[in-house]
Amino acid sequence: MDITILGQQLLGYIPLGDIVLYLAPLNLFMFASTLAFTTIIAISKTETQVEAGFGTLKDREVKVDKSEFKIRRFLAIVCGLATAGAMITGDLFNFTLFVCLIGIVNIGIVAAVKQVDVLDAAFQYGLVAMIATLPLFGGAAMILASTGTISLLEIVDLPTTFMMVFGSLLLFIGVAGETGVAPFYATKAEMFRTPGSPFLLIIHLSSLLVIVRVIEILLIINKPF
Amino acid sequence: MSRIGRLWNSLATPKRIPRFYSVILGVLLLVGFIVPLALNDQQLYPRPEPQLQVNQQDPFAPYDRGGVPLKEPGIIKSQYPHFSEKAGMVTSYVSPIGIGVSKTTLYYGTSIYSSPGGLIDEILYYSRGFDTVLESSILMMAFVVASWVALHFTMKRREEE
Amino acid sequence: MSASVLVPGVVSPVVVSLFVPAIFTGLIVGIIGLMAIAYQKNDLNALILTDIVGVGMLILVAAVGTDLAEAIILPGLVVELAEILAISEILMSREMKKKGKNAELIPLPLSMDMEIMTTAPTFLALILIVHGAFLSGFTGGAVAGGGILFYVLSKRMRGVPANTWEGIAGVSGIAWCLWLVGFLVFFVFPQYWLLALFLAAFGIFIKVAFKAGLIGVIGREEFSKK
């Protein structure tokens, strides 16, 4: 397969049956940086937050206990791997599944905290993530119905129809809900108040990279240039 | 100006986010009624007309895609046939018990989902196997999260020990 | 007797003509679910209503009407189930924190004192597990898991500690790895496709069965607490 995607020459591909992971320079860069960040997270320790007490001079340390630390590190590593996978996958449906995996792991990372407010935010984020499966899979199905394929390497050569535009819009709003970007960020902002910092950063990084990747996919589907 | 401020403030309440999101999504779904929709008939993995195989008394209906178990591959129309060397072999495979059952009944096809081999296994395990890997990882992660929350908070087992 | 048409060249016109009505149905179901979520005030209601939205998603995928669509409905369904499992647990733990009360994990309104629970569990569980092993895959896992669930629910001895739980969960994880090996064998050694098929089918069988079994272990813990 000698093709170019968005002006990039493919460096190679990993065929797994119908699902082909492709390695273009941009995707490879994002893949490598996610893996590097995941490695840093895997070997780091959590921070300890210090809360100032009212009316006294004492400070209170908010620590993360060991079992909580373990589960969070595990989920953070899974989140990193899922983000890395979403960067290089060349199949639309496979991409939506990666995004769903990122969504559920994000909920899990914050579900281990004890503050009621944060749990509430995690629950609301979970609701949005569940609703978002409709536009995610529905959008992918629209594109499948309209083109007869869900491989991005095939879609890149096909002319765009209105139905594909509609499908890609659905896909975009699905990813926006699942990763919690603006204007749906309030649920996530609340989640950041919990102690246990480096693991929370992966939530940020994953949504950032997934948005970059979904914009690449939208460009591939809609071909504005 | 104060109205915009109020809007931003209301967006900062986590409880409102699912509602806000569902309103936006609902509006987008309404657009779907005016977009010209049509099914492209050049699809991957097409299937015969509904009820056609059933009416012809095929025991494997509606999942009969031809082939001889372990010898000849069944017919499938996958995206990249050259990437799956043994494509169709899983489609045609039926376990010995399955063959025995299919000789006694005309409706074995309805349970082909639940025996090794067959068309759905071909797609789920082989040609789109990576999807199933992810899918079961999602299930596993959800289970890890749910059982962790259950063991530590809901049931408070750890504290009791 | 084998059928005359095994695989057609194009999608049959019946399916093509049903596509637009099916999509409209999916959209309407989705909109009804979304409007309900937008109007309601209760968190539990919202969680249940998201399931209706999920049904809308399944209709949209099913409208394509090919074997591929049939195969990709399954991931969609599993994602819905998985998320509702995790989120409902979070909702419960939040409500408990708010109210400071403990609740049962599986609140059963009726007492489970039935004779069948003491006389038949081994026999019934064995039949279900053997039948599940014959079916293999997701379905088999669910059937065999039902057998294990029934067995542990009916045997009310003092429950296992949390470490045992982690042990059983570990077996499920190992089954997942087995299955991943099966998936790789398909592509690295295509000539052993039969081995790969069985690794995949039984890996997923063990995994699903143990998941359902674990729910039974939690349930028994709850009963034996009383």
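This is a predicted model: local features need pLDDT of at least 70, side-chain atom pairs count only at pLDDT 80 or more; totals for chains, interfaces and linings use all residues.
I'll start with the chains on either side of the story. Chain A has 9 helices and 6 strands. It runs to 225 residues, and 55% of those count as buried. If you take the contacts in chain A between residues at least 6 apart in sequence, 73% of them join residues at least 24 apart.

Chain C is built from helices: 8 of them, with 0 strands. Read from the N terminus, its elements go α-α-α-α-α-α-α-α. Chain C has 226 residues, of which 43% are buried. For contacts in chain C between residues at least 6 apart in sequence, the share joining residues at least 24 apart is 65%.

The mean pLDDT of chain B is 82, and 93% of its residues come out at 70 or more. Which element of chain B has the lowest mean pLDDT? That is helix 8, residues 157-160, at 46, while helix 2 has the highest, at 90. Over residues 157-161 of chain B the pLDDT stays under 50, and for that stretch the model has 5 contacts beyond four places in sequence.

Next, where chain B meets chain A. The contact involves 43 residues of chain B and 45 residues of chain A. On the chain B side, helix 2 (17-31), helix 6 and helix 7 (129-154) each supply at least two residues. Which helix gives the most? Helix 7 of chain B does, with 13 residues. By type, the chain B side that touches chain A splits into 27 nonpolar, 12 polar and 4 charged residues.

Helix 6 of chain B, then, contributes to the side facing chain A, and it also meets chain C. Two packed helices are described by the angle between their axes and the distance between the axes. The crossing is right-handed.

As for the residues, helix 6 of chain B brings Leu119(B), Ile120(B), Ile123(B) and Leu124(B). They meet Asp67(C), Leu68(C), Glu70(C), Ala71(C) and Leu74(C) in helix 3 of chain C. That contact counts 7 nonpolar residues, no polar ones and 2 charged.

Last item: backbone angles in chain B. Most residues other than glycine have a negative phi. Tyr45(B) is not a glycine, yet its phi is positive, about 45°. Gln51(B), also not a glycine, has a positive phi of about 70°. Where do they sit? Tyr45(B) is in the loop between helix 2 and helix 3 (52-55) of chain B, and Gln51(B) lies in the loop between helix 2 and helix 3 of chain B as well.

Are these two buried or exposed? Tyr45(B) has 23 C-beta neighbours inside 10 Å, and the cut-off for buried is 20 or more, so Tyr45(B) counts as buried. Gln51(B) has 11 other C-beta atoms within 10 Å, so it is exposed, the limit there being 12 or fewer.

That's the end of my part.

Terms used:
Residues are numbered from 1 along each chain as its sequence is written. Chains are lettered from A and ligands numbered from 1 in the order in which they are written. Helices (H or I, at least four residues) and strands (E, at least two) are DSSP runs, numbered from the N terminus. Two residues are in contact if their C-beta atoms, placed from the backbone, lie within 7 Å. A crossing is left-handed if the near helix is turned anticlockwise from the far one by less than a right angle, and right-handed if clockwise. Ala, Val, Leu, Ile, Met, Phe, Trp, Tyr, Cys and Pro count as nonpolar, Asp, Glu, Lys and Arg as charged, and the others, Gly among them, as polar. pLDDT is the predictor's confidence in each residue, from 0 to 100.
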